[in-house]
Amino acid sequence: MLEQLLIFTRGGLILWTCKELGNALRGSPIDTLIRSCLLEERSGAASYNYDTPGASYTLKWTFHNELGLVFVAVYQRILHLLYVDDLLSMIKQEFSAIYDPKRTSYDDFNDIFQQLKKEAEARAEEMKKSKQVGKPVNNNLGRKQGQVQNGSVDGGSKKKSGGESGNDGGDVDKSRGRPLENGNLRNNHVGKGEAPTMINANGKENGASKTGAFDVNKLQKLRSKAAKKTETVVNKVPKEEPKKKITKKNRVWDDSPKESKLDFTDPVSENGEQNISVVAADEGESMMDKEEIISSDSESEEEETEKDSNVDSKKKGWFSSMFQSIAGKANLEKSDLEPALKALKDRLMTKNVAEEIAEKLCESVAASLEGKRLASFTRISSTVQAAMEEALVRILTPRRSIDILRDVHAAKEQGKPYVVVFVGVNGVGKSTNLAKVAYWLLQHNVNVMMAACDTFRSGAVEQLRTHARRLQIPIFEKGYEKDPAIVAKEAIQEASRNGSDVVLVDTAGRMQDNEPLMRALSKLIYVNSPDLVLFVGEALVGNDAVDQLSKFNQKLGDLSPSPDPRLIDGILLTKFDTIDDKVGAALSMVYISGAPVMFVGCGQSYTDLKKLNVKSIVKTLLK
Amino acid sequence: MDKEKIGELKIQLQQLLNEAQEFVQRIPPLQLYAAIGVVVFTIFLLLVIRLFKRRSANTILLTGLSGSGKTVLFYQLRDGSFHQGTVTSMEPNEGTFILNSETSKKGKINPVHIVDVPGHSRLRPKLDEFLSQAAGIVFVVDAVEFLPNVRAASEYLYDILTKASVVKKKIPLLLLCNKVDKVTAHTKDFIRRQLEKEIDKLRASRTALSSADVTNEYTLGLPGEAFVFSQCHNKVTVAEASGLTSDISQLEQFIREYVKA
């Protein structure tokens with residue numbers, strides 16, 4: 001049954017709640033919904049899951065954009081109420097009829113609500129009966145596609161509340177929690193809109209095929225057992241490849257010169273400091289501190305491009321849209337918004353925004369514009385453009401402060417070093433940008449220390465050593481083939497001993513699918529509890545950005561032994577100078593992870609480190 | 001060819017000028033002067049009215065962190081009750097009305113324009129839209145959950161106090177400690193001192209950045225001394241309120257001080 005149904009304005013005032021369903025909600029699901037979903041431009045998703053100790057709810061919502069109202073229904077996650085969507089839309093219709101901006105109490109709505117609820121339930125019953133024929137085939141197909149479907153099938157088998165199959169499924173749900181190989185797509189507050197949509201879609205498809213339910217549950221358990229077995233096998237795989245001990249004999253060619261000295265390296269000792277004198281790097285002011293010159297926005301530019309896209313559409317469409325814009329009384333329908341949104345989505349994708357991010361964004365903008373009245377003398381495309389621009393600015397504006405210097409000072413007061421861990425896939429520029437960040441911090445009179453926890457790649461430690469020498473800062477290294485977590489721990493202890501304020505920890509690059517390496521990374525983070533986990537991503541990445549970030553976050557969450565795992569706190573965007581105006585990777589990364597972009601690397605020398613300029617990125621994306 | 005055309009045009013212009021001169025000379029001088037005088041007078045009036053409109057900013061802004069109670073206060077000011085509760089605002093609440101406590105007063109009262117700006121960090125840019133018309137800013141602080149949020153609150157307050165429009169126009173700021181009806185609420189002096197300390201630290205870290213810091217255009221306080229609110233160019237006062245129990249008299253006082261009844 002429904003736990004609660006709320007109607008509130010976009011400004012925050014609750015207009016009506018159902019008095020009958022008076023159960024107090026545990027936690028604050030509505031506020032969390034607003035903060036993590038609606039304000040994060042995920043309002044195109046079908047539902048939102050909220051977990052709190054003692055309860056787990058699913059929330060569904062709908063907007064009335066013209067009047068600025070939001071309708072939210074809350075119910076227990078284990079129930080799968082079919083009639084909620086229906087009920088919400090009916091309530092929306094009825095309420096808009098009696099809504100008055102001056103009124104603040106709507107007690108007469110109680111009776112209407114009761115009626116509507118009964119109607120909706122009755123209709124849902126009928127639909128269920130007609131779908132009793134069921135489609136068990138769908139179950140099988142769905143399962144092969146991945147873990148998300150498992151959740152849906154499970155949910156599908158518990159149609160009505162109560163019943164043993166429901167409880168059974170509930171247990172399986174909880175036990176399935178951690179051990180699955182790819183990790184259960186836990187819907188935490190960072191919000192992954194894909195999972196709930198798929199869960200609900202399949203839940204509806206499966207209907208109440210109770211005959212199929214038992215088979216599914218059994219198969220469920222078998223599958224989880226199988227997954228447990230493979231997981232233990234995987235654990236035994238050694239984490240790092242051992243270096244080859246057997247040296248090769250040199251091949252002798254017939255007409256080759258006598259084998260004299262082929263090794264041309266300098267006769268320096270391992271600790272090369274005595275032989276090379278290095279001038280401390282001083283390349284001027286880091287670009288972090290320089291003001292960015294933003295060219296003034298010329299509105300005519302935007303209008304020109306708009307006109308081009310308008311000309312592309314059919315002449316008839318242009319004429320009618322012109323007419324509508326002058327008349328200005330049309331209520332926006334989804335079909336009206338579609339061409340404009342499609343054009344916007346294509347434009348975003350040409351700017352290297354990941355495809356599913358562009359899709360979700362467009363859905364969210366559509367959800368916020370549907371039913372709105374067009375102001376006179378505005379075109380649909382310009383309204384859509386304005387809404388999209390506002391949404392983009394909202395996403396790219398950081399949710400929390402990105403003032404690292406302030407955090408460093410705070411940590412300094414507490415007497416601990418501030419630890420930053422750089423993670424990312426191979427070859428994105430972690431070591432290079434680590435040196436840039438060190439240079440910038442040095443310019444602000446902060447004592448920096450580097451920790452070489454990339455013990456895998458040949459030359460990684462030497463690379464950092466060279467940077468440390470040039471910047472004249474201490475470096476903590478233990479050579480190769482050591483456990484990075486232990487190296488990091490000792491580095492932090494060393495830092496507190498020698499009075500360094502910041503420790504920058506470099507890690508080896510790893511693919512997001514590589515289970516043992518991700519486990520090692522989450523162990524490093526768990527053991528050392530850094531202050532900032534910085535994901536380094538390159539701006540050249542395309543659709544893979546979504547996969548990288550979501551898998552990184554997910555693995556860090558699932559594989560961490562602690563109950564409150566640390567996730568990615570910030571993003572460092574690199575190789576920004578190589579993309580001209582295809583800046584979409586920034587948007588994809590911020591959208592999928594919710595973490596702000598703290599630095600932007602725009603070159604390969606020490607001064608090439610900038611802050612992200614939200615307005616210029618939005619302008620470039622929509623140009 | 002061109003020269004001929006120019007010549008023709010010149011001749012035509014001269015003819016027109018002659019005609020105009022004759023026409024003007026025919027009008028009795030009194031009427032002419034009267035007409036000119038009326039035109040000049042109306043232009044003058046319009047300018048004066050425009051100047052007056054710009055000066056009288058009668059907007060009070062309610063800002064603060066998300067969850068500090070701004071929307072409740074807004075509805076208390078407007079209706080005297082917060083109805084069935086509030087959730088996190090996604091949009092600003094605007095209204096021009098007579099304060100609820102003053103509806104019983106007789107006579108003509110100047111309505112106040114109050115704007116409740118959402119406190120969520122993603123919606124911060126909305127504040128700038130309203131700052132240009134602000135006559136006063138109320139920074140609402142949750143007195144109960146103060147210490148966990150003190151850094152975020154002080155950063156927001158620092159950003160507001162160093163905005164160009166606030167410094168130049170010397171917009172007065174009221175630091176309102178909300179939710180004082182709860183037992184565990186901190187006192188306003190404690191809150192003021194904590195915020196001063198935090199802003200002092202922020203001053204040090206923000207001015208450590210080079211002179212071309214885009215966001216903060218001004219610095220606060222005097223160098224070498226600990227920061228206190230009295231060092232600000234604009235007037236900063238502290239008051240207490242409780243949204244839930246309708247205890248908002250100090251807030252209304254502040255509003256009436258700057259938007260005359």
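A surface patch here is made of residues with over 30% relative accessible area and no salt bridge, with like charges joined within 9 Å and nonpolar side chains (Val, Leu, Ile, Met, Phe, Trp, Tyr) joined within 5 Å. In chain B, Phe41(B), Phe44(B), Leu45(B) and Ile49(B) make a nonpolar patch of about 420 Å². The model is predicted, so local features need pLDDT of at least 70 and side-chain atom pairs count only at pLDDT 80 or more, while totals for chains, interfaces and linings use all residues. Residues are numbered from 1 along each chain as its sequence is written, chains are lettered from A and ligands numbered from 1 in the order in which they are written, and side-chain values use heavy atoms, with hydrogens and water left out.

**Chain B overall**

- Chain B has eight helices and six strands (DSSP runs numbered from the N terminus: helices are H or I with at least four residues, strands are E with at least two).
- Of the 261 residues in chain B, 41% are buried (buried means under 20% relative accessible area, exposed over 50%, partly exposed in between, with a 1.4 Å probe and protein chains only).
- The accessible surface of chain B is about 14500 Å², and 58% of this belongs to carbon and sulfur atoms (areas come from the Shrake-Rupley method with a 1.4 Å probe; for residues, only the protein chains shown count as cover).

**Details in chain B**

- Leu45(B), one of the patch residues, is found in helix α2 (residues 29–55) and is partly exposed, at 40% relative accessible area.
- Strand β2(B) pairs with strand β3 (residues 112–116) of chain B in the antiparallel sense over five bridges (two strands pair if DSSP finds at least two bridges between them).
- Within this pairing, Gly95(B) stands opposite Ile114(B).

**Sheet and helix in chain A**

- Eight strands of chain A form an open sheet with mixed pairing, in the order β8-β7-β9-β6-β10-β11-β12-β13.
- Strands β8 (475–476) and β13 (609–610) of chain A stand at the edges with a single partner strand each, so one side of each has no neighbour in the sheet.
- Strands β10 (residues 532–538) and β11 (residues 570–574) of chain A run parallel and are joined by five bridges.
- Helix α21 (residues 614–622) of chain A has seven of its nine residues buried.
- Among the elements that cover these buried residues are α11 (334–350), α13 (380–396) and α20 (584–593) of chain A (contact means heavy atoms within 4.5 Å).

**Salt bridges**

- The structure holds 31 salt bridges over all chains (a side-chain nitrogen of Lys or Arg within 4 Å of a carboxyl oxygen of Asp or Glu).
- One of them joins Lys60(A) and Asp85(A) at 3.1 Å, N to O.
- Lys60(A) lies in strand β4 (residues 55–64) and Asp85(A) in helix α2 (residues 84–98) of chain A, so the pair ties together parts 25 residues apart in sequence.
- Lys60(A) is buried at 3% relative accessibility, whereas Asp85(A) is partly exposed at 34%.
- Glu198(B) and Arg406(A) form a salt bridge, with the closest N and O atoms 2.8 Å apart.
- This pair crosses between chains, from helix α7 (residues 188–208) of chain B to helix α14 (residues 404–414) of chain A.
- Glu198(B) is buried at 9% relative accessible area, and Arg406(A) is buried at 3%.
- Arg406(A), Glu413(A), Glu198(B) and Lys201(B) are linked in a network of salt bridges.
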